[in-house]
Amino acid sequence: QVQLVESGGGLVQAGGSLRLSCAASGHTFSSTTMSWFRQAPGKEREFVAAIIRSGGATYYADSVKGRFTISRDNAKNTVYLQMYSLKPEDTAVYYCAESLRYLHSSYYYTREDLYDYWGQGTQVTVSS
């Protein structure tokens, strides 16, 4: 049974940092694209960042570019989201998602329907 488990969320002051982790289990970590999405209260879920397994190409939403860094450790079957300079508007539930496809353009990696597995989410709250 495939499982993605996020951790690392919490409460932080504006300007602070957090690192989220997403551990994959139940299958070989052979997925092509791993991403983070987030959903703020009263809003739709939105794309945050993606990383391609082969070559390690990364993609970011404009709202987090320069502040967030996505990375992966294939040996540990884990993907990370390092978040710096957090803002109150970053407050959301953050979800890890895995796609077995090579989602190499924004048309694809932002589409939730192209992801095969999702984690349960971890809450990030940024106070002003």
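1. Within strand S5, Ile51 is the bridge partner of Met34. The model is a predicted one, in which local features need pLDDT of at least 70 and side-chain atom pairs count only at pLDDT 80 or more, while totals for chains, interfaces and linings use all residues. Residues are numbered from 1 along each chain as its sequence is written, and side-chain values use heavy atoms, with hydrogens and water left out.

2. Strands S4 and S5 run antiparallel and are joined by six bridges. Two strands are said to pair if DSSP finds at least two bridges between them. The strands themselves are DSSP runs (E, at least two residues), as helices are (H or I, at least four residues), and both are numbered from the N terminus. S4 and S5 form a hairpin with six residues between them, and Gly42 in the turn has a positive phi of about 75 degrees.

3. On to the next hairpin. S5 and S6 are antiparallel and share three bridges. Ala50 stands opposite Tyr59 in S6. Five residues lie between S5 and S6 in this hairpin, where Gly55 in the turn has a positive phi of about 95 degrees.

4. Is S5 enclosed or open to the outside? Six of the seven residues of S5 are buried, so this strand is largely enclosed by the rest of the structure. Buried means under 20% relative accessible area, exposed means over 50%, and partly exposed lies in between (1.4 Å probe, protein chains only).

5. The largest nonpolar core has 36 residues, and Trp36, Leu81, Met83 and Tyr94 touch the most other members. Such a core is a set of buried Ala, Val, Leu, Ile, Met, Phe, Trp, Tyr and Cys residues joined through side-chain atoms within 4.5 Å. The strands that each supply at least two residues of this core include S3 (18–25), S4 (33–39), S5 (46–52), S8 (78–83) and S9 (92–99). S5 gives the most to this core, with six residues. In soluble globular proteins, nonpolar side chains tend to be buried together.

6. A second topic is the open sheet of four strands, whose order is S1-S3-S8-S7 with antiparallel pairing. Its edge strands are S1 (3–7) and S7, each of which pairs on one side only. On average, neighbouring strands of this sheet are turned by 15 degrees against each other, direction ignored. Here the axes are lines fitted to C-alpha atoms, for helices over the stretch in contact, and angles run from 0 to 180 degrees between N-to-C directions. S3 and S8 run antiparallel and are joined by six bridges; Leu18 has Met83 in S8 as its bridge partner. Strands of a sheet pair through backbone hydrogen bonds, either parallel or antiparallel.

7. How many disulfides does a search of the whole structure find? The search finds one, formed by Cys22 and Cys96 with their sulfur atoms 2.1 Å apart (a disulfide is a pair of cysteine sulfur atoms within 2.5 Å). Cys22 lies in strand S3 and Cys96 in strand S9, so the pair ties together parts that are 74 residues apart in sequence. The link of Cys22 and Cys96 is left-handed, with -75 degrees about the S-S bond. Cys22 counts as buried at 0% relative accessibility, and Cys96 likewise counts as buried at 0%.

8. Thr78 is found in strand S8 and is buried, with a relative accessible area of 8%. The side chain of Thr78 reaches the backbone oxygen of Lys76 at 2.8 Å.

9. Asn77, in the loop between S7 and S8, has a positive phi of about 55 degrees although it is not a glycine. Ser85, in the loop between S8 and S9, has a positive phi near 50 degrees. Ser85 is partly exposed, with a relative accessible area of 41%.

10. The loop between S9 and helix H1 (106–109) holds Tyr102. Tyr102 touches Thr32, Thr33 and Ile52, not counting residues up to four places away in sequence; contact means heavy atoms within 4.5 Å. Tyr102 and Thr33 are 69 residues apart in sequence and 6.0 Å apart in space, C-alpha to C-alpha. Leu100 is found in the loop between S9 and H1 and counts as partly exposed at 46% relative accessibility. Leu100 and Met34 are 66 residues apart in sequence and 8.8 Å apart in space, C-alpha to C-alpha.

Conventions:
A polar contact is a pair of N or O atoms within 3.5 Å; within protein, one must be able to donate a hydrogen and the other to accept it, and residues adjacent in sequence count only if both atoms are side-chain atoms.
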